[in-house]
Amino acid sequence: MKNILKQVFGITTTDIQKLNGYENFNYLISTESEKYIFKTYTSDGDLHDLIEGENEALLYLDNDSKLTPTPIPFLDGTYVKTLTIEGQDLTCRLL
């Protein structure tokens, strides 16, 4: 997963911890200076649209108060992407 995160976000991870989740898999991603939540969901077109909508709402609410998570774009500028991780197609985003 470290290689995938480097390729699609340009971040170098120092640690990855799997977090408990009930409908998706979440990971705490640590770098030298930042921490992120990498969220993966089973690939589904309707879910992809819902996640894009959630990201739009979070971006609208985004401010420096850090009360809401901030979506982090992939290197290509998108916020939601389907990636193949360990042979499984997953809809992914980083917060």
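Let's start in strand 2, which is where Asn 26 sits. Strands here are DSSP runs of E with at least two residues, helices are runs of H or I with at least four, and both are numbered from the N terminus. Before going on, a word on the model: it is predicted, so local features need pLDDT of at least 70 and side-chain atom pairs count only at pLDDT 80 or more, while totals for chains, interfaces and linings use all residues. Residues are numbered from 1 along each chain as its sequence is written, and side-chain values use heavy atoms, with hydrogens and water left out.

Back to Asn 26. Is this residue buried or exposed? Asn 26 is buried, at 9% relative accessibility. By buried I mean under 20% relative accessible area, by exposed over 50%, and partly exposed is in between, with a 1.4 Å probe and protein chains only. Its side chain makes a polar contact with the side chain of Asn 24, at 3.1 Å. A polar contact is a pair of N or O atoms within 3.5 Å; within protein, one must be able to donate a hydrogen and the other to accept it, and residues adjacent in sequence count only if both atoms are side-chain atoms. Leaving aside neighbours within four places in sequence, Asn 26 is in contact with several residues, including Gln 17, Lys 18, Ile 37 and Phe 38. Contact here means heavy atoms within 4.5 Å.

That brings us to Phe 38, which is buried at 0% relative accessibility.

Now for the rings. How many aromatic pairs does a search of the whole structure find? The search gives 3. Phe 9 and Phe 38 make an edge-to-face pair, 6.3 Å centre to centre with 85° between the planes. For the cut-offs, rings of Phe, Tyr and Trp (its six-membered ring) pair if their centres lie within 6.5 Å; planes under 30 degrees apart are stacked, over 60 edge-to-face, and the rest tilted. Phe 9 belongs to helix 1 (residues 2–9) and Phe 38 to strand 3 (residues 35–42), so this pair ties together parts that are 29 residues apart in sequence. Phe 9 is buried too, with a relative accessible area of 7%.

Phe 9 has another partner: with Phe 74 it forms a stacked pair, 4.3 Å centre to centre and 25° between the planes. This pair also links distant parts of the chain, since Phe 74 is in the loop between helix 2 (45–61) and strand 4 (81–85), 65 residues from Phe 9. Phe 74 counts as buried at 3% relative accessibility. Taken together, ring pairs join Phe 9, Tyr 27, Phe 38 and Phe 74 into a cluster.

Let's look at helix 1 itself. Leu 5, Val 8 and Phe 9 are buried there. They cover an arc of only 85° around the axis, which puts them on the same side of helix 1; the arc is that of the directions from the helix axis to the C-beta atoms. The face turned away from that buried side carries the exposed residues Asn 3 and Gln 7. What covers the buried residues of helix 1? The cover includes strand 1 (15–19), strand 2 (25–30), strand 3, strand 4 and strand 5. Just after helix 1, Gly 10 takes a positive phi of about 75°.

Leu 5 is at 0% relative accessibility. Beyond its neighbours within four places in sequence, its contacts include Ile 11, Ile 16, Ile 29 and Phe 38.

Which residues have the most contacts inside the largest nonpolar core? This core has 14 residues, and the ones with the most contacts inside it are Phe 9, Ile 11, Ile 29, Phe 38, Leu 83 and Cys 92. Such a core is a set of buried Ala, Val, Leu, Ile, Met, Phe, Trp, Tyr and Cys residues joined through side-chain atoms within 4.5 Å. Helix 1, strand 2, strand 3, strand 4 and strand 5 each give two or more residues to this core.

One last stop is Glu 86, in the loop between strand 4 and strand 5 (88–94). Glu 86 has a phi near 50°, a positive value in a residue other than glycine, and is exposed, with a relative accessible area of 81%.
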